[in-house]
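This report describes selected features of one protein chain. Please keep the sequence and the structure in view while reading.

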Amino acid sequence: MVAMVDYAVLSAVLFTIGVVGILIRRNIITILMCIELILNSVNLLFVAFSRFIGNVDGQVFVFFIFAIAAAEAAVGLALVVAYFKLRETIEVDEIKLLKG
């Protein structure tokens, strides 16, 4: 049987990889994938705590996070595709459209 600490450590590792990926990478697709990794690490922790406590509230939060992740992916990818058609780049350093 896997202990609660193992789930917490795995979740922390995934969360750290996601945060480091956002800070280091300049490709916006990679940044979106790192955001998904962060959300999934939180989902893992919610499900682990929910199972450990014996309450389903954590699993309900996971459904909300899935909905937010799906909306983020749909809107984010649509913006990236639209910007790529306009400027032909998806590098974060080269995106200056919103700067005054």
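Phe 46 counts as partly exposed, because its relative accessibility is 30%. Phe 61 is likewise partly exposed, with a relative accessible area of 45%. Both values fall in the range between buried, under 20%, and exposed, over 50%.

A pair of aromatic rings is described by the distance of the centres and the angle of the planes. In this predicted model, the count comes to 1 aromatic pair. That pair is formed by Phe 46 and Phe 61, whose ring centres lie 5.5 Å apart with 20 degrees between the planes. The pair counts as stacked because planes under 30 degrees apart are classed in that way. Phe 46 belongs to helix α2 and Phe 61 to helix α3, so the pair links distant parts of the chain, 15 residues apart.

## Helix α2 and its surroundings

Helix α2 covers residues 28–53, a total of 26 residues. From its first C-alpha to its last it reaches 38 Å, close to the 38 Å expected at 1.5 Å a residue. At its N-terminal end, α2 is capped by Asn 27, which has a side-chain oxygen 2.9 Å from the backbone nitrogen of Ile 29. After the helix comes Gly 54, with a positive phi near 90 degrees.

Several residues of α2 are buried, among them Ile 31, Leu 32, Cys 34, Ile 38 and Leu 39. The buried residues also include Thr 30, Ser 41, Asn 43 and Ser 50. Their cover includes α1 (4–24) and α3 (57–87).

## Annotated regions

An unreviewed UniProt entry lists residues 6–24, 31–54 and 60–84 under "transmembrane region". In the model, residues 6–24 are 100% helix and 0% strand, and their end C-alpha atoms are 27 Å apart. Residues 31–54 are 96% helix and 0% strand, with the end C-alpha atoms 34 Å apart.

## A residue after α3

Most residues other than glycine have a negative phi. Glu 88, however, has a positive phi, near 60 degrees. This residue lies in the segment after α3. Glu 88 counts as exposed because its relative accessibility is 64%.

## Confidence of the prediction

The mean pLDDT of the protein is 90, and 96% of its residues reach 70 or more.

Notes
Residues numbered from 1 in each chain as written. Predicted model: local features only at pLDDT ≥ 70, side-chain atom pairs only at ≥ 80, totals over all residues. Heavy atoms only, no water. Helix = DSSP H or I, 4+ residues; strand = E, 2+ residues; numbered from the N terminus. Expected span 1.5 Å × (residues − 1). Buried < 20%, exposed > 50% of the residue type's maximum accessible area, 1.4 Å probe, protein only. Contact = heavy atoms within 4.5 Å. Polar contact = N/O pair within 3.5 Å; in protein donor to acceptor, adjacent residues only side chain to side chain. UniProt positions renumbered as here; feature names shortened; annotations may be inferred. pLDDT = per-residue confidence, 0-100. Phe/Tyr/Trp six-rings, centres within 6.5 Å; stacked < 30°, edge-to-face > 60°.
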